[in-house]
Amino acid sequence: MNDLLTRDMLVKWAPLIVLIVLVLMFALIEPRFFSVRNFARIGISSAPALMVAIGVTFIIIMGSIDLSMEGTVSVCAVAFAFCFLALGGTLWSAAWLALPLALVVGAVIGLINGLVHVKLKIPSFMASLAMGFVGTGFALLLTGGDRVRIEDEAFRSLLTVRWFNFPIMCYVALAFLLIAWFIQTRTTLGRNFYAVGGGEELAHASGLNVNRVRVLGFMLAGVFYAVGALLAVGRIGIAETATGSNFMFVSITSVVVGGTALWGGIGGVFNTLIGVLIVNVIGNGMVVVGLPGYVQDGVLGLLVIIAVVLSTDRKSVDFVK
Amino acid sequence: MTLERLKPHLPWITLLALVLVVGIGDSNFLKPQNLIAMAADIVPLFIMALGMTFAIYIGGIDLSAQSVANMTTVIATVALPLFGPFTALLCIVAGLALGGVSGYVTTRLLVPSFISTLAIGGIAYSIGQYLSGQRALYMDAAMRDGYFGWMVGSSFGIPHELFIGAVLVIAAYFVQSRTVFGRSLKAVGAGEPAAVASGINVARIKIMAFAISGALAAIAGLLFSVKLSGGSPTIANGFLLPAIVAVLVGGTPLTGGVGGVINTLIGTLIVAVIRSSMLYFEVDATRQQMVFGLVLIIAIAMTIDRSKLRVVK
């Protein structure tokens, strides 16, 4: 019995239990919550957030943090929209090139992020926060504050075409989740993330080029932010400076609530899936049961603190800044 | 003269150089009325940056400052008809409390400050949204003038905001350099393990630093809402970046321990000059955020004390 109740077990299973309890609770309060229609709605709001959260998961596993997602998502969304329209405006023309281009833009921003962090030796939270501001500013510069509409039916089928009641974007998100899982568990890079997060000095001493792993991590995160940007544009059909807003708070919350420790080395992309679902079930459930949507930020704030406290092994932490 | 010896003097040299460059480029810039108007405009930001200085001085950061200021504009507007002049007290207490909670979560619950303040910021944002009913609110003009008109008037051609800023910076300077608490702040920022070893109650000092940061963010919000005669849960958005930039270009590094409130005064003036120079040289307003983001990176890279970071995470 004692084995079942250790802190480790609690930390490992708590996110899933919390998710199930939340779903049951909302379903009891409001039966409409527990319907395929509503689950599809949760799926739609989760898909872009999941991509962004997976990106930052890799960074957090390394023990760093990336706060640039709002700017990166905006820049990728706007760059994609401009290229898409310039190259024909429909997926059945050369405009499909805008899709890989958006991923490249994401990777480049991630590369800059990583280089600023590693080469200038600036803590990642500040380097990426500053880069995020630069990104948002850059997106604003590109659009001049306007909204860019993407009305191509083929691209919007991400949202409009449904298989088994769920739109295509949910399946795209699942596919990228599997890719992320593959990178995390089956590649050297994935294992190196854990090595860096588990103990940087040890990883360095065993011959790992830690700086290279870090930069690659930020690039990989950038690519996932770009996928998130594409799904976000597919969801509302508009690319603008505000496309990226609120992703920072939501994605960090998701990762941490899912059970990936801020100290690095623990957790993974499936934790993040649970975390994103928790955050979106709370957001959706509150609206369905009739609570105002803005309570969400406050609840998420509390959840983050609780999650970090639970996942911190107090014995191993010297002091906290 | 080596770079290391030059470093402490860089902020004011930068400020002087910027003022000269802009002054030569635009002759109107150096007119006293213009300089005074520019300084008065920046006071709410300066107050927020002043609070942020305390958080950064101990090696932390306060990402909730903007949300706390947002929340305060709403509290001030809602509370004014109910509490009259005591509204100010209420605002400051609210900021103090939220900052204190950030400090508690950081020190006792071992949550890094950039996450704890982000989370507390989310809570402050929710409170603002709740109290305002998600609308922009307006103050009753007569009540505003009756109780807080003194904040935004002007005497002898000098706007009262400048007096408020001056009083606060003198108080903060006194706290920083003439009190035991101020010395302890420096000790904590210079090296936390050593501060612990020498018997300082580090947790208490840090909680107080975050509380001061929250309180000053609240005062910034109060002043802002009086200036604009209203409040909204998003009215102070866009303050966070320049506030952090002001602290860092002033020469207080992210690693804490050196710098302080006078540095932030200089840093805020640099931000003000950069801002108005962009207007004079007709740089599009949309580029400001990009410029400040880049300035931030440069400022951090130049000031940060890398010997304090065993590994840069």
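**Close-up views of a predicted two-chain model**

**View 1. Helix H5 (residues 87-107) and helix H6 (residues 113-132) of chain B have axes that come within 9 Å and cross at roughly 145°.** Helices (H or I, at least four residues) are DSSP runs, numbered from the N terminus. Axes are lines fitted to C-alpha atoms over the stretch in contact, with angles running from 0 to 180 degrees between N-to-C directions. The model is predicted, and its local features need pLDDT of at least 70, side-chain atom pairs count only at pLDDT 80 or more, and totals for chains, interfaces and linings use all residues. Residues are numbered from 1 along each chain as its sequence is written, chains are lettered from A in the order in which they are written, and side-chain values use heavy atoms, leaving out hydrogens and water.

**View 2. Residues of H5(B) meet residues of H6(B).** On H5(B) the residues in contact (heavy atoms within 4.5 Å) include B:Leu98, B:Val101 and B:Val105. Their partners on H6(B) include B:Ser113, B:Ile120 and B:Ala124.

**View 3. Chain A and chain B bury about 4,400 Å² between them, 76% of it on carbon and sulfur atoms.** Buried area is the accessible area (1.4 Å probe) that two parts lose on being put together, summed over both. The contact takes 47 residues from chain A and 49 residues from chain B. Between the chains there are zero salt bridges (a side-chain nitrogen of Lys or Arg within 4 Å of a carboxyl oxygen of Asp or Glu).

Note on methods: Helices (H or I, at least four residues) and strands (E, at least two) are DSSP runs, numbered from the N terminus.
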